[in-house]
Amino acid sequence: AITLLAADWPMQNGGPERNGWARSEHLLTKTSVKNLAKLYAYQAGTSSGASSALTSPIVNGNLITYIGFKEMLIFGDGGNRVFSVDADLNKLIWKTDLPFQADQSKQKSSRQACAGGLASQVAMAGSSSAPMHFAAAAARLPATGGRPFRRPSPYFPPLWQSVYPLHPDTLTQLNALYTVSSDGFLHILNSSTGEDLIAAFQFVPPHAKVTSLNVWENMIYATTADNCDGYRNALYAVNLLTNEKQVVVFAPENGGFAGSAGTAIGRDGTVYVQVTQAPGDKPGVSRDAVLALTPRDLKMKDYFAPGRILKHADLSRPGITPIVFSWMGKEMVVAGGQDGGLYLLDSKSLGGADHHTPVFELPSKTRKREDAGFRGSFSSWQDVDTQQRWIYAPNDRGIAAFKLTSENGKPTLAPLWTSDEIAAPAPVVIANGMAFTLSTGAPPTLYALDALTGKEIYSSGSAISGHPQGALAVANGRIYFSTHENTVYCFGLSNENTQLAEQ
């Protein structure tokens, strides 16, 4: 038997807290990253009547199969298909077609923002910032004395625990995968086979556009956007351990949820979202309000709203999803305004007694609309020795980095650096003191920046063709992202992936 180390990238922005920190990454370093190169581009093909867009990939770093340990690259497409690819060999492990089960088979209205197809990303439980996990098992099967070996079918080990009834750790132990098909049904898939572990059920309305999935304990959360098919934007939640699978819904008064990640979840399960109207605001009043919701029934427990009202609020601006993290014994939240300002909040009292007082506010340096406002989602990491923490935020033109410090016992945010121009950058992934991002505009480029200085360490040049979309996934020395051309790119170190050259 041998012991292997592996890391996961289980969901959008790495985990429930949305910190984008690949804490266990050890192969990609500031020294080795100069040798980063495109290893392969997996072409998923198109399905009849489907859009050619893939979801952002996730990584299951340690699946045990009859041929040993496998790192699975998992993603979905517009044709209600979910793919599992052997990340080491660029070969398909399984593909699942999710059936359409709702009564309403056609969209009431079709527009570019509501393209239909697989409604959500694929997600699994866990966090990319968790310590690298161990797996001890026989990767090479024992000798059989010359007798032909009969391989188990299709994978081993068999399920150690019955799926019914569900226990608190059943789905986590089975590395269950979660996604929402175009009919709005939530599917819980066996990561080994792609088959439904339990019966799929209605989670969001048919043809809804799910911007993100989040997983905390046995709760699944989904945010919807663009009011597709006339349904109001909302946050949906369901407890998988309940027999009824009753879905709880929270809908903001107007607009939707800021950013690409939708929700951020704290250690106690509190769900943080940003909306455009604070509780008690009159119709037509808009400001960047951060809400704290209870984990199981989505009841509002606290909120923060800036004292000033947005005079020229643009509800179509994507905004940025809040981030939650631990610092100096406290759990902190950072949120960004449409004007490019930043708010540092204490999770125990988001806005103080009046709900308008942050722990610290860093105003925007500019009020020009073309320069103002962050987009997508934050990223953050912490030096485990010094406890120093850094925060990164994309805007339309690049990445801005900030340092969280303490002055006279009071937490403050200070600007650290601003990157050279990067067109519509994807949210940052932090690994070994590097900030990885992807230009989703022209030209499409993968970058590695020094996380402390912003200096460019690596650029992919012209290696990417097509239109990148979504977010990066970083795990076990490789970087993955998808494009609108039904392709998933994999970048890595060629000397660490010689098996690909031997195919």
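Analyst: We can go through those topics one at a time; note that this is a predicted model.

User: How many salt bridges does a search of the whole structure find?

Analyst: The search finds twelve salt bridges.

User: Start with glutamate 217. Which side chain does it meet in a salt bridge?

Analyst: Glutamate 217 pairs with arginine 296, at 2.8 Å from N to O. The two residues come from distant parts of the chain, 79 residues apart. Glutamate 217 sits in the loop between strand S11 (210-216) and strand S12 (219-224), and arginine 296 in the loop between strand S17 (289-293) and strand S18 (300-304).

User: What relative accessibility does glutamate 217 have? And arginine 296, what is its relative accessible area?

Analyst: Glutamate 217 is at 48%, so it counts as partly exposed. Arginine 296 has 38% and is also partly exposed.

User: What about arginine 287, which side chain does it meet?

Analyst: Aspartate 281, with a salt bridge at 2.6 Å, N to O.

User: Are arginine 287 and aspartate 281 buried or exposed?

Analyst: Both arginine 287 and aspartate 281 are buried.

User: And lysine 330, what does it form a salt bridge with?

Analyst: Lysine 330 bridges to aspartate 346, and the closest N and O atoms are 3.9 Å apart.

User: Is aspartate 346 buried or exposed?

Analyst: Aspartate 346 has a relative accessible area of 15%, which means it is buried, since the cut-off is under 20%.

User: Which residues are on each side?

Analyst: Leu342, Leu344 and Asp346 are on one side of S22, with Tyr343 and Leu345 on the other. Both faces are covered.

User: How does S22 pair with S21?

Analyst: S21 and S22 are antiparallel and share five bridges. In that pairing, valine 334 stands opposite leucine 344. Their hairpin has five residues between the strands, and there glycine 340 takes a positive phi near 90°.

User: And how many bridges join S22 to S23?

Analyst: Three bridges join S22 to strand S23 (residues 360-362), and the two strands run antiparallel. Tyrosine 343 has glutamate 361 in S23 as its bridge partner.

User: Moving on to S27 and S28. In what sense do they pair?

Analyst: Strand S27 (residues 398-407) and strand S28 (residues 410-418) pair in the antiparallel sense, over eight bridges. Phenylalanine 402 is opposite proline 415 in S28.

User: How many residues are between the strands in that hairpin?

Analyst: The hairpin of S27 and S28 has two residues between the strands. Asparagine 408 takes a positive phi near 55° in it.

User: There's also an open sheet of four strands. What's the order?

Analyst: The order is S29-S30-S31-S32, with antiparallel pairing. Strand S29 (429-431) and strand S32 (456-459) are the edge strands, each pairing on one side only. From one strand to the next, the twist averages 25°.

User: How many bridges are there between S30 and S31?

Analyst: Strand S30 (residues 434-439) and strand S31 (residues 445-450) pair over six bridges. Serine 439 has threonine 445 in S31 as its bridge partner.

User: Last topic, the cysteines. How many disulfides does the structure hold?

Analyst: One. Cysteine 114 and cysteine 228 form a disulfide with their sulfur atoms 2.0 Å apart. The link is left-handed, at -85° about the S-S bond.

User: Where are those two cysteines in the chain?

Analyst: Cysteine 114 is in the loop between strand S6 (91-97) and strand S7 (133-137), and cysteine 228 is in the loop between S12 and strand S13 (235-239). They are 114 residues apart.

User: Is cysteine 114 buried or exposed? And cysteine 228?

Analyst: Cysteine 114 is buried, at 3% relative accessibility. Cysteine 228 is buried too, with a relative accessible area of 3%.

User: What about cysteine 490, what relative accessible area does it have?

Analyst: Cysteine 490 has 0% and is buried.

How values were computed: Residues numbered from 1 in each chain as written. Predicted model: local features only at pLDDT ≥ 70, side-chain atom pairs only at ≥ 80, totals over all residues. Heavy atoms only, no water. Salt bridge = Lys/Arg side-chain N within 4 Å of Asp/Glu carboxyl O. Buried < 20%, exposed > 50% of the residue type's maximum accessible area, 1.4 Å probe, protein only. Pairing = 2+ DSSP bridges. Axes fitted to C-alpha atoms, helices over the stretch in contact; angles between N-to-C directions. Disulfide = S-S within 2.5 Å.
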